[in-house]
Amino acid sequence: MSTVSPEPPVLAPDVLDTGAAGGKAIRGGILRTAGFLIGMLMSLVSVPLMVHHLGPADYGRYITVSSIVFIIGGATEAGLTQLGVREYSLLHGAEREHYLRNIAGLRFVLTAAGVALAVALTAVTGAQRAVVEGTAIAGLGLLLGLTQQTYAIPLTAHLRLGWVSALELLKQTVLTSLIVAFVVIGTGLQPFFVASVGAGLAVLAVTLALIRREASLRPGADLAVWRRVLRDVLPYAVAAAVGLVYFRLAVVLLSYVASPRETGIYSTAFRVVEVIGVIPWLVVSSGFPILARAARDD
């Protein structure tokens with residue numbers, strides 16, 4: 001009696017190999033820009049309330065901590081997200097999952113070390129206690145945020161940019177809600193740093209739920225992969241660090257040499273310039289997975 005071998009399952013084509021990729025990237029870029037603008041409108045509600053509630057001095061300390069944490073994030077991020085998107089767009093199956101797990105593990109180690117170093121430096125250089133404590137709390141928020149970015153790589157690589165936009169908007173919504181709540185309650189400065197932790201936890205939980213069936217959630221520690229990744233991102237990390245310190249370092253230095261009020265005024269103007277510069281990056285990065293695949297196949 002002859003047996004008929006079952007036919008192998010027909011796998012759906014990767015979206016990057018179809019004609020739908022371009023349209024998805026364009027629509028995704030529009031969605032991400034729209035989401036960012038909505039988030040900015042939320043900031044227009046929460047930030048003035050926070051500035052008025054904290055006053056120039058405490059708001060200056062808040063921006064000082066934010067600047068320190070942003071520098072840490074930029075230095076330890078070092079292009080890992082874009083490298084992860086590129087490799088995830090090119091690899092398949094077990095190789096893809098192995099690479100993502102190791103990006104997650106490497107990012108956790110680098111960010112945790114960066115936060116610990118920043119807390120130590122602010123403590124030994126005589127920064128105010130609020131700045132030292134705020135750096136530790138906001139550093140935890142940074143660790144959660146960058147971990148979420150890593151696990152969101154499959155969403156970006158598959159051009160599921162509607163979900164990426166929704167996650168970015170969720171983060172801003174939670175952050176704004178917590179800031180407004182703290183203003184209404186009348187808290188001091190420290191809870192405003194905790195807001196980033198709450199937002200990071202919320203977005204990370206949703207991201208893990210979205211990708212749990214297509215990627216392992218367990219970080220990896222393959223030293224050979226880590227060395228290869230670090231070689232790839234080192235030139236970008238150096239270039240990014242130069243751009244990051246231009247504005248942010250000025251805010252940090254002002255906290256040492258200027259009055260709290262002067263630091264707060266400078267920080268407010270700085271935030272306006274910073275927000276505007278994000279929009280072009282959102283539009284361009286939406287099409288990056290297509291360019292990565294084209295670089296390999298064409």
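Predicted model: local features only at pLDDT ≥ 70, side-chain atom pairs only at ≥ 80, totals over all residues.
The protein contains eleven helices and zero strands, so that the order of elements from the N terminus onward reads α-α-α-α-α-α-α-α-α-α-α. Of its 298 residues, 44% count as buried. When contacts between residues at least 6 apart in sequence are considered, 85% of them join residues at least 24 apart.

Helix α2, which comprises residues 80–90, is mostly covered, with nine of its eleven residues buried. The buried residues of α2 are Leu80, Thr81, Leu83, Gly84, Val85, Glu87, Tyr88, Ser89 and Leu90. This helix packs against helix α3 (residues 93–124) at an angle of about 170 degrees, and the two axes lie 10 Å apart. Because an angle over 145 degrees counts as roughly antiparallel, α2 is described as roughly antiparallel to α3. On the side of α2, the contact is made by Leu80, Thr81, Leu83, Gly84, Glu87, Tyr88 and Ser89, while α3 contributes Arg96, Tyr99, Leu100, Ile103, Leu106, Arg107 and Leu110. Sorted by class, the contact of α2 with α3 consists of eight nonpolar, three polar and three charged residues.

Not counting residues up to four places away in sequence, Thr81 touches Arg107, Gln149 and Ile153. Arg107 is one of the residues through which α3 meets α2, whereas Gln149 is joined to Thr81 by a polar contact between the two side chains, at 3.3 Å.

Gly79 lies in the loop between α1 (21–77) and α2. Its relative accessibility is 7%, and Gly79 therefore counts as buried. Leaving aside neighbours within four places in sequence, Gly79 is in contact with Val233 and Tyr236. The C-alpha atom of Gly79 is also separated by 9.9 Å from that of Leu230, although these two residues are 151 residues apart along the chain.

The side chain of Thr125 reaches the backbone oxygen of Leu121 at 2.6 Å. Thr125 and Tyr256 are 131 residues apart in sequence, yet their C-alpha atoms are 9.5 Å apart in space.

A further loop residue, Leu159, is found between α5 (153–157) and α6. Phi of Leu159 is near 60 degrees, which is a positive value in a residue other than glycine. Leu159 has a relative accessibility of 4% and so counts as buried.

Helix α6 (residues 161–185) has 25 residues, and the distance from its first C-alpha to its last is 36 Å, close to the 36 Å expected at 1.5 Å a residue. Its buried residues are Leu161, Val164, Ser165, Leu167, Gln172, Leu175, Thr176, Ile179, Phe182 and Val183. Just after α6, Gly186 takes a positive phi of about 90 degrees.

For helix α7 (residues 190–211), the 22 residues should span 32 Å at 1.5 Å a residue, and this agrees with the 33 Å that separates the end C-alpha atoms. The buried residues of α7 are Phe192, Phe193, Ala195, Val197, Ala199, Gly200, Val203, Leu204, Thr207 and Ile211.

Between α7 and α8 (223–257) lies the loop that holds Pro219. The relative accessible area of Pro219 is 46%, and this residue is therefore partly exposed. Not counting residues up to four places away in sequence, Pro219 touches Arg101, Ala104, Gly105 and Tyr151. The C-alpha atoms of Pro219 and Ile103 are separated by 7.8 Å, while the two residues are 116 residues apart along the chain. Ile103 is itself among the α3 residues that take part in the contact with α2.

Technical notes: Residues numbered from 1 in each chain as written. Heavy atoms only, no water. Helix = DSSP H or I, 4+ residues; strand = E, 2+ residues; numbered from the N terminus. Polar contact = N/O pair within 3.5 Å; in protein donor to acceptor, adjacent residues only side chain to side chain. Contact = heavy atoms within 4.5 Å. Expected span 1.5 Å × (residues − 1). Buried < 20%, exposed > 50% of the residue type's maximum accessible area, 1.4 Å probe, protein only. Axes fitted to C-alpha atoms, helices over the stretch in contact; angles between N-to-C directions. Parallel < 35°, antiparallel > 145°, perpendicular 65-115°, else oblique. Nonpolar A, V, L, I, M, F, W, Y, C, P; charged D, E, K, R; others polar.
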